[in-house]
Amino acid sequence: MRKPETQTDNVAKLSQSAGSNFFASGLRQKVDQLMNTLWAGGVNNPMDSIEQLSYLIFLRLLSDRDEQAAVIDRSYQRIFAGSWARYSWGNFVTLTGDALFEALRGAIEKLHELPGLSATGQMLFRNATLKIYDRPTLKAVVETIHQMELGSADGPDLKGDMYEYLLSKLSQSGTNGQFRTPRHIIDLIVALVDPQPGWRMCDPACGTAGFLISAYRHILRQHTKPADLARGVVDGSQLKPKQWDFLNEHAFTGYDNDANMVKIAILNLYLHQLDRARIQHFNPLTTTVNGQYPGPLFDAILANPPFAGRVQKESILADIALETRDTELLFLKWFLDHLTVGGRAGVIVPNGVLFGSGKADRKVRELLLTNCDLQAVIALPSGVFKPYSGVGTAILVFQKVREIESKPGDAALPPATQSVWFYELTADGFSLDDKRTETPDKNDIPDLLAKWPGREEGPNSFRVPVEKIRENGWQLMPGRYKPVKLDAVQHEAPAAILADVVRLEKEIAERAERLRQTLAGK
């Protein structure tokens, strides 16, 4: 009988199977070649490099899809037809010099008007332009992209893995405290939240859309035949047609206030077959959807929002009802407001949220514990986000039990949280320095996932009743509640100790007397 897979297996095998196929495909070398070519050709900012490659890769894939659809269905109306035919990828491969530059620039700047292009595609190319000015560099980049094996007919689709590897080249944090969340941390949070088909999911600070894609993979994995999983295939073949339709049309929403990040997220989702995900460019702390707050509600929120900045007071939505300019507190309140009752969240917060003594800090923690079931506080090692940041952080996992009121602590209602499970993650499988090299023998994540279903206590984990947390000003730092374990020390009986003291003193006296006699003899 086959042993059922655990959450630990799910997180580990998903990364291993996809990663091994990708690294064996040769695409990694192509990505490295592209980045080196752009660097040598004067495109030195990694964000600019990824943006430019995003435009070109999307253009090639859109052209490939158009060609394939025309071959399969003779009645298919080509996207690149009539006056738009000149913008099909195949036309650029034979061009060089100024002709190539002008043709590609025209395509990139015009493509948002392409008939039949999806809304996400239109957003990707809005205000787009070509920034690869060195003509030989542009030619080399086009040739490399043209040579890449991006099809999936004969094996696993590796386009998403290729793009995620490209995104790993982002080596600097953004100006608003953005930095790339490690994939294994994203997968851990998704495993804890356990999203299901039919859920509406949101990341209101989506960056490259890593959380949304991980949630999609999680659902596919949970609905793939065991025999296929054993072969490294994750296809969601057991999903019903209506579940597939919901995944494609309604399941995923992402917001970000960085236009470049929005474009990257769009292509990342596109390469993972999620081209209809809702990705919008705006700041959810200062802008509403369709003029209403809270607006759309979600069954799951997965996020690592920026927490290095402060929002201008006059820009903050009054409906958030929290007297603070700190983004980390505002986002946490936003999470509470935008979950459906019964909805689940897995989010990363800086440690200051756990112990801050300000009025807003205490209020948001009280709202969290009284209106939601705070199921876990997982302290992450301080080096988990290096080389981007060394700030201490924690994962909060919670489920909304009732609607959030602006004034917490209704005396008629007991706290929704009965107890909180704390886990101190001391190692995540990678070194905690800037290099972040793999250390498979130092990894607490398997132990965490094994203990999670029953919230078991152990050397790294313990439970704390909500009454004790309330007595401590709703503070959530694990160190405040961690049990102190005193090891019993066995001492000899007092009489035996006294006998030893007398014996030692007698020996000292005898040696002193012998020394005195020796000195006297001299």
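Here is a short chat about a predicted model of one protein chain.

Trainee: What should I know before I start?
Mentor: This is a predicted model, where local features need pLDDT of at least 70, side-chain atom pairs count only at pLDDT 80 or more, and totals for chains, interfaces and linings use all residues. Residues are numbered from 1 along each chain as its sequence is written, and side-chain values use heavy atoms, with hydrogens and water left out.

Trainee: OK, how many helices and strands are in the protein chain?
Mentor: The chain has 19 helices and eleven strands. Those are DSSP runs numbered from the N terminus: helices are H or I with at least four residues, strands are E with at least two.

Trainee: And what share of the residues is buried?
Mentor: Buried residues are 49% of the 522 in the chain. Buried means under 20% relative accessible area, exposed means over 50%, and partly exposed is in between, with a 1.4 Å probe and protein chains only.

Trainee: Which residues touch the most other members in the largest nonpolar core?
Mentor: Leu53, Leu104, Ile145 and Phe252 do, out of 100 residues in that core. Helix 3 (residues 46-72) gives the most to this core, ten residues. A nonpolar core is a set of buried Ala, Val, Leu, Ile, Met, Phe, Trp, Tyr and Cys residues joined through side-chain atoms within 4.5 Å.

Trainee: What does Ile145 touch?
Mentor: Leaving out residues up to four places away in sequence, Ile145 touches Leu34, Leu53, Leu56, Ile57, Arg60 and Trp89. Contact here means heavy atoms within 4.5 Å.

Trainee: Switching to strands: is strand 8 enclosed or open, and why?
Mentor: Strand 8 (residues 419-424) is largely enclosed by the rest of the structure, because five of its six residues are buried.

Trainee: Which way does strand 8 pair with strand 6, and which way with strand 11?
Mentor: With strand 6 (residues 372-379) the sense is parallel, over four bridges, and Ala379 has Glu424 of strand 8 as its bridge partner. With strand 11 (residues 461-465) the sense is antiparallel, over five bridges, and Tyr423 stands opposite Ser461. Two strands pair if DSSP finds at least two bridges between them.

Trainee: Last one, on helix 19: is Leu498 buried or exposed?
Mentor: Leu498, which lies in helix 19 (residues 494-521), counts as exposed because its relative accessibility is 53%.
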